[in-house]
Amino acid sequence: MSVTPLAAAPSAQCAPAFRGRIGRDARSGHYAVPRRYRLHLSPVCSDGLRIAVVHALLGLGDACPVTCLDAVPDSPDGGHSVLRPLYDASAHRYTGPAVGPVLSDDWSGRIVSTHAPDITRDLARHFGAGRPALYPCGTESEIEAVERMCARDINEAAQRAGRAGADPSERARALETLLAALGVLERRLAFQDYLISDHLTVADVELWVTLVRLDTVHRNHLDAAAVHRVAGHHALWAYARRLAAHPAFGPLLDLDGIARRHHAHCRGLEAAGAAVQILDWAAHVARTG
């Protein structure tokens with residue numbers, strides 16, 4: 001896919017606390033052994049959903065078990081109390097929130113990584129032998145460009161476009177940034193089934209999760225006219241609908257959990273666009289049964 005590399009955008013989230021990696025052999029410390037590692041995640045969180053979809057595409061249910069976290073964190077600092085023992089064992093006097101997703105090492109009882117992109121790469125590279133090539137050789141820069149586009153020009157732009165109290169001109173510029181990014185993707189997907197290859201890659205996982213969030217979270221804070229313009233990218237939403245019917249994508253959607261998590265944390269005002277649903281996600285997921 002011809003995507004101009006985008007400059008890294010500052011994230012509103014805290015930097016990951018742990019950045020360990022799974023290597024190829026014993027010298028790496030964390031080497032690849034089936035059932036040594038465990039994922040702790042909630043699919044209602046975008047990072048958790050990305051990892052869960054990759055995990056399902058690779059068929060790693062036995063090799064790397066998953067512990068599901070509650071949709072809404074139960075600690076006052078926004079963390080999960082069930083993860084606190086792992087954080088305490090992994091960092092002396094750790095004072096931050098115990099957040100997911102987490103890749104832990106069952107042998108040591110400690111955290112390997114809380115960085116979602118590293119986790120998905122390591123799962124694919126070290127446990128994905130004989131599985132679909134989610135990171136095809138030579139596509140790394142394209143995948144990274146898609147990740148940056150989704151983060152800055154879709155997620156962050158949609159958030160700015162719906163921010164209550166923001167200057168109208170600032171919201172308008174953010175909306176145009178969002179629509180321009182969707183237009184690039186629309187033109188690409190009008191002529192092929194997948195984003196950067198002739199089969200599913202992690203770029204498709206990234207974009208699909210981003211579209212889920214756009215329709216189930218950010219749409220609630222956009223006006224109706226803006227949502228109709230977003231929905232007008234027919235090839236893009238047909239692509240999202242088709243992936244929702246895939247057994248590794250749609251069944252992982254917890255629409256009620258996404259709504260509960262959003263309402264628990266969001267302090268923004270609901271706008272008219274909240275009533276303009278772009279996709280009936282539940283109906284498309286139901287078709288996978």
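Analyst: We can start with the sheet and the helices on it, and then turn to the salt bridges. Please keep in mind that this is a predicted model.

User: OK, in what order do the strands of the sheet come?

Analyst: The order is β2-β1-β3-β4, four strands in an open sheet whose pairing is mixed. The edge positions are taken by β2 (66-68) and β4 (110-113), and each of these has a single partner strand, so one side of each has no neighbour in the sheet. From one strand to the next the twist averages 35°.

User: How many bridges join β1 to β2?

Analyst: Three bridges join them, and β1 (residues 37-41) and β2 run parallel. Within that pairing, Leu-39 has Val-66 in β2 as its bridge partner.

User: And which helices lie on the sheet?

Analyst: Helix α1 (residues 46-57) lies across β1 and β2 and runs at about 135° to β1. Helix α3 (residues 116-127) also packs on the sheet, where it touches β1, β3 (102-105) and β4, with its direction at about 145° to that of β1.

User: Switching to charges, how many salt bridges are there?

Analyst: The count comes to 16 salt bridges. One of them pairs Arg-21 with Asp-118, with the closest N and O atoms 3.4 Å apart. That pair links distant parts of the chain, since Arg-21 sits in the segment before β1 and Asp-118 in helix α3, 97 residues apart.

User: Is Asp-118 buried or exposed?

Analyst: Asp-118 counts as buried because its relative accessibility is 6%, under the 20% cut-off. Arg-21, at 33%, counts as partly exposed. Both residues also belong to a network of salt bridges that links Arg-19, Arg-21, Asp-118 and Asp-122.

User: What about Arg-121, which residue does it meet in a salt bridge?

Analyst: Its side chain meets that of Glu-140 in a salt bridge, at 3.0 Å from N to O. The pair joins distant parts of the chain, with Arg-121 in helix α3 and Glu-140 in helix α4 (residues 140-161), 19 residues apart. Arg-121 also forms a salt bridge with Glu-147, where the closest N and O atoms are 3.6 Å apart. Because Glu-147 lies in helix α4 and Arg-121 in helix α3, this pair ties together parts that are 26 residues apart in sequence.

Technical notes
Residues numbered from 1 in each chain as written. Predicted model: local features only at pLDDT ≥ 70, side-chain atom pairs only at ≥ 80, totals over all residues. Heavy atoms only, no water. Pairing = 2+ DSSP bridges. Helix = DSSP H or I, 4+ residues; strand = E, 2+ residues; numbered from the N terminus. Axes fitted to C-alpha atoms, helices over the stretch in contact; angles between N-to-C directions. Contact = heavy atoms within 4.5 Å. Salt bridge = Lys/Arg side-chain N within 4 Å of Asp/Glu carboxyl O. Buried < 20%, exposed > 50% of the residue type's maximum accessible area, 1.4 Å probe, protein only.
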